[in-house]
Amino acid sequence: MLRAKLTSQLALTALRRTQYDTCSPCLYTLSRVFYSQSAIRPSVKLRETHHYGRRPFSLSAATIVNSAPAPVRPYLRLMRLDKPIGTWLLYLPCTWSIALAADPGCLPDLGMLTLFGTGALLMRGAGCTINDMWDKDFDKKVSRTATRPIASGEISRMQALVFLGGQLSLALGVLLCLNYYSIALGAASLSLVVTYPLMKRITYWPQFVLGLTFNWGALLGWSAVKGSCDWSVCLPLYFSGVMWTLIYDTIYAHQDKEDDVKVGVKSTALRFQEQTKPWLSGFTVAMMSGLVAAGVNAEQTLPYYAVLSTLAIHLTHQIYTLDINKPEDCWKKFVSNRNLGLLLFLGIVAGNLWKERRETLLQNEELQTFR
């Protein structure tokens with residue numbers, strides 16, 4: 001305030017002197033005024049820059065990982081905690097199965113959903129650790145993966161092995177919370193977890209093996225709730241999940257196809273090439289057929305089938321608008337599958353709640369018939 005008042009007084013004084021004094025004193029005084037105002041303006045600009053340059057508050061997974069202590073950060077990145085989409089895609093088939101196994105008119109078991117969410121986080125982290133241990137030499141040659149902790153040398157293979165043991169031990173603790181049938185069924189998936197990263201060296205269909213691995217929860221969720229699998233429901237659901245993985249991971253693989261050719265690894269993106277869309281359309285038909293069969297055998301109701309129609313439209317649009325030669329579009333389409341999986345889960349829950357209403361209506365009709 002004081003500086004502003006002094007500035008204004010100097011300006012008035014300068015104007016007064018222009019009436020009585022010669023030009024040189026006026027110019028001198030006005031120059032003093034100009035420089036005094038220039039001294040003020042930068043401080044204002046600095047304050048404005050400081051205000052508008054603040055980072056917005058964020059709770060994204062990447063922000064949380066980057067805020068972690070420096071020694072811990074490489075291990076969190078090794079688990080891909082900064083990229084949670086993979087955890088979602090592993091977790092969602094578990095939620096479908098748990099929701100389908102719920103009693104008519106009831107919500108899915110929240111405890112089971114939490115337990116499987118924890119297991120998905122740990123097993124996805126373990127899978128990524130195994131993948132990066134196998135692919136260290138390949139990852140170094142690809143720009144997108146060269147900064148991964150093992151490839152970049154932040155974590156040694158021995159450190160990764162110890163960390164893997166810790167993750168698998170915690171995952172085993174989660175598995176032991178389930179019934180004996182589910183413990184045996186869950187343990188059977190470990191061979192897939194370990195061998196999947198090798199498939200890209202052997203076959204053009206590593207996405208199929210990933211589907212077998214990522215959708216094991218479609219079997220495990222039902223058995224955890226019911227004590228064993230109802231194969232008439234679980235197998236079509238599992239089949240649909242595998243087809244879904246072939247859709248989204250083929251799209252994902254198109255991001256890396258040029259690098260895959262350079263380093264000599266295989267994928268369905270390289271197998272299908274320009275015929276990708278017809279293949280994805282076939283997988284979509286197979287996926288929807290499996291979901292219909294699972295719904296019929298689980299006695300699902302109208303909301304479930306309404307959601308299936310929405311999923312079919314979503315997948316059709318996703319495939320039709322896909323540009324396999326634009327990595328950013330492939331990533332966008334790939335990530336959208338999380339919302340698709342969540343929508344299916346909500347459809348199963350709504351269909352299950354609708355069962356109670358249907359049964360009540362049937363009972364009322366029977367009573368009216370007897371009267």
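Modeller: Buried means under 20% relative accessible area, and both Lys200 and Asp135 are buried in this predicted model.

Colleague: What makes the contact between Lys200 and Asp135 a salt bridge?

Modeller: The closest N and O atoms of Lys200 and Asp135 are 2.8 Å apart, and because a salt bridge requires a side-chain nitrogen of Lys or Arg within 4 Å of a carboxyl oxygen of Asp or Glu, the pair qualifies. Lys200 lies in helix α11 (residues 190-202) and Asp135 in the loop between α6 and α7, so the pair ties together parts that are 65 residues apart in sequence.

Colleague: Why is Asp132 called buried?

Modeller: Its relative accessible area is 1%, and since the cut-off is under 20%, Asp132 therefore counts as buried.

Colleague: Why does Arg148 count as buried?

Modeller: The relative accessibility of Arg148 is 16%, which is also under 20%, so the term applies to Arg148.

Colleague: Which residues are linked with Asp132 in a network of salt bridges?

Modeller: The network links Arg80, Asp132, Asp139 and Arg148; within it, Asp132 and Arg80 have their closest N and O atoms 2.8 Å apart, and Arg80 sits in the loop between α4 (73-78) and α5 (85-100), 52 residues from Asp132. Searching the whole structure gives nine salt bridges.

Methods. Residues numbered from 1 in each chain as written. Predicted model: local features only at pLDDT ≥ 70, side-chain atom pairs only at ≥ 80, totals over all residues. Heavy atoms only, no water. Helix = DSSP H or I, 4+ residues; strand = E, 2+ residues; numbered from the N terminus. Buried < 20%, exposed > 50% of the residue type's maximum accessible area, 1.4 Å probe, protein only.
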